[in-house]
Amino acid sequence: MRQKKVEELDKLVSSIATAGDKLPTVERRQFLSQGLSMLGGAAAMVAGGTALAATTSKYAPPNVPPWTKTLGQGVIADPYGVPSPFESNVVRRNVPWLTADRIASISFTPLADLKGIITPSGLVFERYHAGRPEIDPDEHHLMIHGMVDRPIILTMDDLMKFPSTSMIRFLECPANGGMEWRGAQMTKLQFTHGMLSCCEWTGVLLSTILAEVGVNKGASWILAEGADGALMSRSIPMEKALDDALIVYAQNGEALRREQGYPIRLINPGWEGNTCIKWLRRLEIGDSPYYQREETSKYTDLMPDGTAREFTFVQESNSVVTTPSPENPLKGKGKYWLEGLAWSGRGKIKAVDVSLDGGINWRPARLTGMIEPRALTRFGMEWDWDGSPALIQSRSIDETGYVQPTYTQLRAVRGSSSIYHKNAIHTWRLHADGSVTNVQIS
Amino acid sequence: MFRFPNLAWPKRILMALALAVLLASSGLIAKPKPAGHYGYGKAATAAEIAGWDIDIRPDGRGLPDASGSVEDGEMLYEDQCAACHGSFGEGVGRYPVLAGGEGTLTEARPEKTVGSFWAHTSTLFDYIRRAMPFTQPSSLSAEDTYAITAYVLYLNDLVEDDFVLSKETFAEVAKLPNHGNFTPDPRPDVDAKRCMKNCKDPASVRITSEPTILAEEVAEDTPVKAASPQEQGAEVYNGACAVCHNQGVAGAPKLGDKADWEKRLSAGEETLIKHAIEGFQGQSGFMPAKGGRMDLSDTAVAEAVKFMLAESIN
């Protein structure tokens, strides 16, 4: 049984080793698109080289579907709009065995079903340490004190009078993919990479508030603390606070969601999601880190020699292919739009490469849509799949020149017990039947 | 057009300012803190700050004036902590292990406990004070927090059984054994290259791991809208009640403990539901109203009780 599996794998590997050479080149794409424009629209129907799939729907032309022949719902049928019932599968999910209960737990964003770079507010992953509190914004206060000239207490009305700013930034739990350090374990993209979201965040720069209270000389760290049952807390260095840290009250154009810290949270762009304290109630300015539980016992990276790294804030550059993926299998050979997401806590994504042969050969993908610093960045690539098995990978390069490493490179430095900050190149194994599974390769 | 300003007003302002400075420096009036640029919000008073300023720093700054003994801590720990963390700090289910694990940090399965991994005793005190006990955070007195902290140190063989932790004795135990084994962030620590062609030997490409059958068997939760009352009961149980009733935290009857549930059912299902909704002080423990989840409807709580009865007795 075991032997048979090994033989099977060897066969797969040798067949994909040569697959990279069969790829359509950029030249071929250009030729095709030029040909299309010369031949006109009619030619486009068959330009793909494969016949268009026959539809089995009884409402396909020339028939007329019933919804065309009746009136639909009037306005405010849904005063707050919700997705189509046909999208009911696009939801956050959790993995029960990861945590002891659902109160101190995490849920995952369904990345495979999302497009563009913005995560809808209701699909942003959740992470609670004592459950989600229900807070009346009129009863919520933010206190800023410590090494300041003027300790103050702000109501939410006060906070909204400060100059406002917006930015699109990703939010990622440093444990994203942490279950994969020792080997492939999760069966879906939602669980290998779904502790990741990206929103437009609106609020007041922390630097504005610090200027308002007057920070004393010698102050270098800030304790941020939430109003939840865990009084969740982290120490933030002054440099980040003065750079781009944001006290957020709105997300994707509307009030921050309860799951995300309503009425206010901290966002430290590009840094561990854990530092982005939700339900923010207190900022204490001090002269050294506060060594809270979530920055000592947890969220430190254990190294092979038994030492641990502390205050590992930045989420380094990472990427993943979202189609194909276990949730988005291929339906037979032919042309596809391979796509995925890349991001870096250090700035903008400069390039993304894709390999179809397990990292032997690579070619650059196209960056599509907006390229914002510390934001999800969408990449894509035309691909004519010949139906043979493939090992699909993506590799991001950020504006600092940092290249996303392989598992082998990452483990050589950090071993496999560090839990956090796993940003290794991910591999999807595409099977001949179009299904996709999670694997790790040498 | 540009005009010369009227000099009369600035002069008056300057005089007033000079007087204010004179008065402030002479101590005749309280030194006014100049307002910030915007002046929004209110000044925080010392009492207001004290109510929320709960953090303890590694050098002991922030510790309250109180004390607690290992001896007192043992009782409190058994009562409030052991259901999740185990009587010896060994951890129950997936709840954190608090003691043991010394020398395991370089092993394949490191056990990171207070004794084996944590650096500062301040972190322990601070965390117990801010977030424990899990189901009733911010409920411990300063004395209780000292006592439980002392007992967890004792479980880790870091103090003797007659130790009393206080603001004064804190310095003796401020540094935990693994103190000093934390290093700053050296990243970027991996220097990968952007190779494009023939980057590795095709023969070297091997699949090293795939999700095991075992992982497949462990279901990933797919939340479904609860259709029937039974499903709603299960949903409420998982989301709210399981925290205590799975392990029997704080004297809660455990799901599946037939004898315990039958005993309670003798009062009648309606009474049980009433207690769950309104709260109840029983012999073995305390049931907060709706388990502290006041957002739940009475019906939801009732369905959860029925679910627990059905799961435990049938």
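Residues are numbered from 1 along each chain as its sequence is written, while chains are lettered from A and ligands numbered from 1 in the order in which they are written. Because the model is predicted, local features need pLDDT of at least 70 and side-chain atom pairs count only at pLDDT 80 or more, whereas totals for chains, interfaces and linings use all residues; side-chain values use heavy atoms, with hydrogens and water left out.

Let us start where the two chains meet. The size of an interface is often given as the accessible area lost when the parts come together. Chain A and chain B bury about 8,300 Å² between them, and 54% of it is on carbon and sulfur atoms (buried area is the accessible area, taken with a 1.4 Å probe, that two parts lose on being put together, summed over both). Arg102(A), Arg293(A) and Ile360(A) supply 8% of the area that chain A buries against chain B, more than any other three residues. The contact, meaning heavy atoms within 4.5 Å, takes 110 residues from chain A and 83 residues from chain B.

Between the two chains there are 45 residue pairs in polar contact, both residues being at pLDDT 80 or more. A polar contact is a pair of N or O atoms within 3.5 Å; within protein, one must be able to donate a hydrogen and the other to accept it, and residues adjacent in sequence count only if both atoms are side-chain atoms. On the side of chain A that touches chain B, helix H1 (residues 2-17) gives the most, with six residues. Helices (H or I, at least four residues) and strands (E, at least two) are DSSP runs, numbered from the N terminus.

Now for the charged side chains. Side chains of opposite charge can pair when their charged atoms come close. A salt bridge is a side-chain nitrogen of Lys or Arg within 4 Å of a carboxyl oxygen of Asp or Glu, and the whole structure holds 44 of these over all chains. Between chain A and chain B the count is twelve. In one salt bridge, Arg429(A) meets Glu210(B), with the closest N and O atoms 2.9 Å apart. This pair crosses from strand E22 (residues 427-430) of chain A to the loop between strand E5 (207-209) and helix H8 (213-217) of chain B. Arg429(A) is buried at 8% relative accessible area, and Glu210(B) is partly exposed at 21%; buried means under 20%, exposed over 50%, and partly exposed in between (1.4 Å probe, protein chains only).

Within chain A, Arg234(A) forms a salt bridge with Glu295(A), at 3.2 Å between the closest N and O atoms. Arg234(A) lies in strand E8 (residues 233-237) and Glu295(A) in the loop between strand E12 (280-286) and strand E13 (301-302), so the pair ties together parts that are 61 residues apart in sequence. Both Arg234(A) and Glu295(A) are buried.

Our last stop is Lys290(B), in the loop between strand E7 (286-287) and helix H12 (298-313) of chain B. Lys290(B) is buried, with a relative accessible area of 12%. A polar atom of its side chain lies 2.7 Å from the backbone oxygen of Leu296(B), and a polar contact of 2.9 Å joins the side chains of Lys290(B) and Asp298(B).
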